[in-house]
Amino acid sequence: MTAQTDPLLEAVEALTKPQSRKEPQDIINTYVTKDDEGVETEHQKVVGTQKVTVILPPLLKQLDDAIRSSMGGSTRGAALASESAVLNVSALYEAMKIESQVRDWCRLRGITPTKDTAKDLAAWHAATYLDGLTDEQETSSTRTLRKWATSIRGMLDPWREKDLPDPCPACGATDWWDMSTRSRYLRPLIIKYRPDGADMVERSYGLCRACEEVWNVRELAYDIEQAAQHADA
Ligand SMILES: [Zn+2]
């Protein structure tokens, strides 16, 4: 079996290996203004979005980091503090649930669990190659691991999203394949936004879940309009 056709291995690695993904990055313009007294002030303005590939730590490590950083506390205002308190509690709860399940799995395979859940999970998975798993065990473990990954991603991602009914103006797709649930869904286009942020429109971006194209929302609106006109013509 290869990594591509082994769903259990994929699910384990999603939690224990570094993740690469495309993310929007602000394009920032800096300009200087001078007042009547000749005092210069530097300003920064977000003028657009570009996509970059970033390498993120393994999801279990990200969860761990989130717990640590929110425990360090934030003094940047009450809203942030309460947000981090919510993350703190839910991240801790999720981490404890995962740790306890992985420890149980390890004990069943005769592995002594360490304090490192990612390492334990990898050790458990290696042991399943030796002892084997029933199809039923494999399916249910894979489902559990995918659920954890989805839950961690949802907790750590501050972006909200809204899907759009239009076909993708870049690839023309009207549906997309979700690797995490292994299902096909309609409406590949989504707008991602931060509901609390300043410059909400400038900082929002559109993403096609079929071809991974990224737009700022104004570009996307324009492209969708153009595509619709072509289709009518
Ligand atoms: Zn597309």
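## Confidence in the model

Confidence in the chain is highest in helix α1, at 94, and lowest in helix α6 (residues 200–203), at a mean of 71, on the scale called pLDDT, which is the predictor's confidence in each residue, from 0 to 100. Over residues 73–79 the pLDDT is below 50, and beyond near neighbours in sequence this stretch has three contacts in the model, a contact being a pair of residues whose C-beta atoms, placed from the backbone, lie within 7 Å. Where pLDDT is low, the predicted coordinates should not be read in detail. The chain as a whole averages a pLDDT of 83, and 87% of the residues score at least 70.

This is a predicted model, in which local features need pLDDT of at least 70 and side-chain atom pairs count only at pLDDT 80 or more, while totals for chains, interfaces and linings use all residues. Residues are numbered from 1 along each chain as its sequence is written.

## The chain as a whole

The chain has seven helices and eight strands, where helices (H or I, at least four residues) and strands (E, at least two) are DSSP runs, numbered from the N terminus. Of its 233 residues, 19% count as buried; a residue is buried if 20 or more other C-beta atoms lie within 10 Å of its own, exposed if 12 or fewer, and partly exposed in between, with C-beta atoms placed from the backbone. Among the contacts with a separation of 6 or more, 56% join residues 24 or more positions apart.

## Helix α4

Helix α4 has 15 residues (117–131), which at 1.5 Å a residue should span 21 Å, and its end C-alpha atoms are 21 Å apart, in agreement with that value; the expected span is 1.5 Å times one less than the number of residues. Thr117, Ala118, Asp120, Leu121, Trp124 and His125 are its buried residues. Seen down the axis of α4, the buried residues fall within an arc of 160°, so they line one face of the helix, the arc being that of the directions from the helix axis to the C-beta atoms.

The face turned away from this buried side carries the exposed residues Ala126, Tyr129 and Leu130. Just after α4, Gly132 takes a positive phi of about 80°.

## Two nonpolar cores

A nonpolar core is a set of buried Ala, Val, Leu, Ile, Met, Phe, Trp, Tyr and Cys residues joined through C-beta atoms within 7 Å. In the largest one, which has 18 residues, Leu15, Leu59, Leu63 and Leu121 touch the most other members. Two or more residues of this core come from each of α1 (7–16), α2 (59–72), α3 (78–108), α4 and α5 (135–156). A second, separate core has eight residues, including Tyr205, Val214, Trp215 and Leu220.

Leaving aside residues up to four places away in sequence, Leu59 touches Ala14, Leu15, Gln19, Ala149, Ile152 and Arg153.

Lys115 lies in the loop between α3 and α4, and it counts as exposed because it has 7 C-beta neighbours inside 10 Å. Its C-alpha atom is separated by 8.7 Å from that of Glu99, 16 residues apart along the chain.

Most residues other than glycine have a negative phi. Arg187, in the loop between β5 (183–186) and β6 (189–193), has a positive phi of about 60° although it is not a glycine, and it is partly exposed, with 17 other C-beta atoms within 10 Å. Glu212, in the loop between β7 (205–208) and β8 (214–216), has a positive phi near 70° and counts as partly exposed, with 14 C-beta neighbours inside 10 Å.

Definitions and conventions. Two residues are in contact if their C-beta atoms, placed from the backbone, lie within 7 Å.
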